[in-house]
Amino acid sequence: MQETKWTKRRRVRGYMKEVERRNRLQMRAYVIRKRNERGQDHDFLSTMKNPDNVVEFDNLKTYFFTDSGTVKAVDGVTFSVPRGKTVGVVGESGCGKSVTSLSLMRLLQEPAGQIVEGEIRYNNGTRTVDIARTPEDQMQTIRGNEIAMIFQEPMTSLNPVFTIGYQVDEAIALHNPDMDKAAVRIRSVEMLKMVGIARPEGIYRAYPHELSGGMRQRVMIAMALACDPKLIVADEPTTALDVTVQAQILDLMRHLKNQISASIMLITHDLGVVAEMADEVVVMYAGRIVEKGTAVDIFHNPLHPYTVGLLRSKPSVNRLTERLYSIPGQVPNPIDMPDYCYFKPRCERSIAKCDGEYPPMIRVSETHEVACWLHEKEGTPHA
Ligand SMILES: Nc1ncnc2c1ncn2[C@@H]1O[C@H](COP(=O)(O)OP(=O)(O)OP(=O)(O)O)[C@@H](O)[C@H]1O
Ligand code: SF4
Ligand SMILES: [Mg+2]
């Protein structure tokens, strides 16, 4: 029977009411949880599965409770960042890359955005905490002191009314409360020099709008390094820059990473950047990981049709094509996702089994995993 205007209106109203009811319950549970957060060590201390890792995401689920429904931005993500290594997180716009990093920094817009399940284990060399359960006062020490973040657009992260020197000084003084003003200033100029700024004393006195995009990003990197971080989270650090400056910034990050022996979680939609920088790669689609492995696994033996599509859409000077390939369709909005493989509507290789349940992660080698029914017989499924 065809739906009339009135029955449709009633159905939509019913849906909205149900969403409202669910959101209200969720907010109430959030308030109770926060009230009971006592901040005792045993509440949030944890143990790493592998002591060689700095961070372990374990079945992380981060949802946004919106008026149009629950957005499952990150839905069961499991991967780790080994000590001293660079892990690239790739995927098209809206795949959940930034929400994964914001969950790690606990910078979500709470209470609308919440970590609803899973652990983010982080080890600072002396102890392991589960970031998902760590109280805010402890998070403030971890954020900036141990984990630094570099964002895409440095102009939005720098304050336009203060000089560069004032802002770098502030970051250094915050992490070194015992340093006097003169020592902080010397350290700031040193940091600006370290990130390759040619005239550090002059730039120290300049305002952000007087700098080029590349220089501003170098300043952001200097501020991020002011605390000697164990882990640097870089969310599209070179997307706003032209290719030559991009190459310089990537070079700088690689060099500094070795100098301070930190790990990097590099978020980007640019596979070229990942190929240059990453030791390991995680491919995300609609809030889930569809493939992960070493850079060699992903670039020389991509298995998931989505990864293959991403690689085909990367321009190459060695390949002659009339038109650059683009994956048909778009990343779905992660509200009310289907039970089957989320990539199916865009997949050119789907088989009968793809109409069934969502494929599990299948381990095809010691380092390489893929969530696709095409590879079911090549490996062993696991959670
Ligand atoms: N504050 C929010 N409220 C509701 N939904 C959100 C919010 N922030 C993110 N989302 C949704 O979560 C999903 C993942 O977003 P995310 O920002 O992580 O994507 P991304 O992979 O970083 O994309 P991009 O490459 O464009 O930065 C998207 O569908 C987005 O609409
Ligand atoms: S599981 Fe099926 S639909 Fe999904 S990516 Fe693999 S082949 Fe395509
Ligand atoms: Mg993003």
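Mentor: One definition before we start: helices here are DSSP runs of H or I with at least four residues, strands are runs of E with at least two, and both are numbered from the N terminus. With that in hand, here's a spot to look at: α3 is followed by Arg 106, whose phi is positive, near 55°. Keep in mind that this is a predicted model.

Trainee: Okay, and where is Arg 106 placed?
Mentor: Arg 106 sits in the loop between α3 and β4. It has that positive phi although it isn't a glycine.

Trainee: Is Arg 106 buried, exposed or partly exposed?
Mentor: Partly exposed: Arg 106 has 19 other C-beta atoms within 10 Å, and it takes 20 or more to count as buried.

Trainee: What else is in that loop?
Mentor: Pro 111 is in the loop between α3 and β4 too. A cis peptide bond joins Glu 110 and Pro 111, with omega at about 5°.

Trainee: What does α3 lie across?
Mentor: α3 lies across β1, β2 and β4, and runs at about 70° to β2.

Trainee: Let's do the sheet, then. In what order do the strands come?
Mentor: There are 4 strands in an open sheet, ordered β2-β1-β4-β5, with antiparallel pairing. The edges are β2 and β5, which have a single partner strand each, so one side of each is left without a neighbour in the sheet. On average, neighbouring strands are turned by 5° against each other, ignoring direction.

Trainee: How many bridges hold β4 and β5 together?
Mentor: β4, residues 113-123, pairs with β5 over 3 bridges in the antiparallel sense. If you want a pair to click on, Arg 121 stands opposite Asp 130 in β5.

Trainee: Now the ligands. Which residues come closest to ligand 1?
Mentor: Ala 73, Ser 93, Lys 97, Ser 98 and Val 99 are the closest, out of 17 residues that surround ligand 1. The elements giving two or more residues to that shell are β1 (53-66), β2 (69-82) and α3 (97-105). α3 gives the most, with 3 residues.

Trainee: What classes of residue are in that shell?
Mentor: Around ligand 1 you get 6 nonpolar, 10 polar and 1 charged.

Trainee: And which residues come nearest to ligand 2?
Mentor: Cys 341, Cys 347, Ser 350, Cys 354 and Cys 372, from a set of 14 around ligand 2. By class, its shell has 10 nonpolar, 2 polar and 2 charged residues.

Trainee: Switching topic: what does β6 pair with?
Mentor: β6 is joined to β7 (residues 231-235) by 4 bridges, and those two run parallel. In β7, Ile 232 is the bridge partner of Ala 148.

Trainee: Which way do the β6 side chains go?
Mentor: Ile 147 and Met 149 point one way from β6, Ala 148 and Ile 150 the other way, and all are buried.

Trainee: Where is Glu 236?
Mentor: Glu 236 is in the loop between β7 and α10 (243-260). Its phi is near 50°, a positive value in a residue other than glycine. Glu 236 is partly exposed, with 18 other C-beta atoms within 10 Å.

Trainee: One more residue. What does Ile 362 touch?
Mentor: Leaving out residues up to four places away in sequence, Ile 362 touches Glu 369, Val 370, Ala 371, His 375, Glu 376, Gly 379, Thr 380 and Pro 381. Ile 362 is in strand β11, residues 361-363, and it counts as buried, with 22 C-beta neighbours inside 10 Å.

Trainee: Last thing, the overall picture. How many helices and strands does the chain have?
Mentor: The protein chain has 13 helices and 13 strands. Its radius of gyration is 23 Å, close to the 21 Å that the globule rule gives for 383 residues, so it's as compact as a globular protein of that length. Of those 383 residues, 37% count as buried.

Technical notes
Residues numbered from 1 in each chain as written. Chains lettered and ligands numbered in written order. Predicted model: local features only at pLDDT ≥ 70, side-chain atom pairs only at ≥ 80, totals over all residues. Near = placed C-beta within 6 Å. Nonpolar A, V, L, I, M, F, W, Y, C, P; charged D, E, K, R; others polar. Pairing = 2+ DSSP bridges. Axes fitted to C-alpha atoms, helices over the stretch in contact; angles between N-to-C directions. Contact = placed C-beta atoms within 7 Å. Buried ≥ 20, exposed ≤ 12 C-beta atoms within 10 Å, placed from the backbone. Rg over C-alpha atoms; globule rule 2.2 N^0.38 Å.
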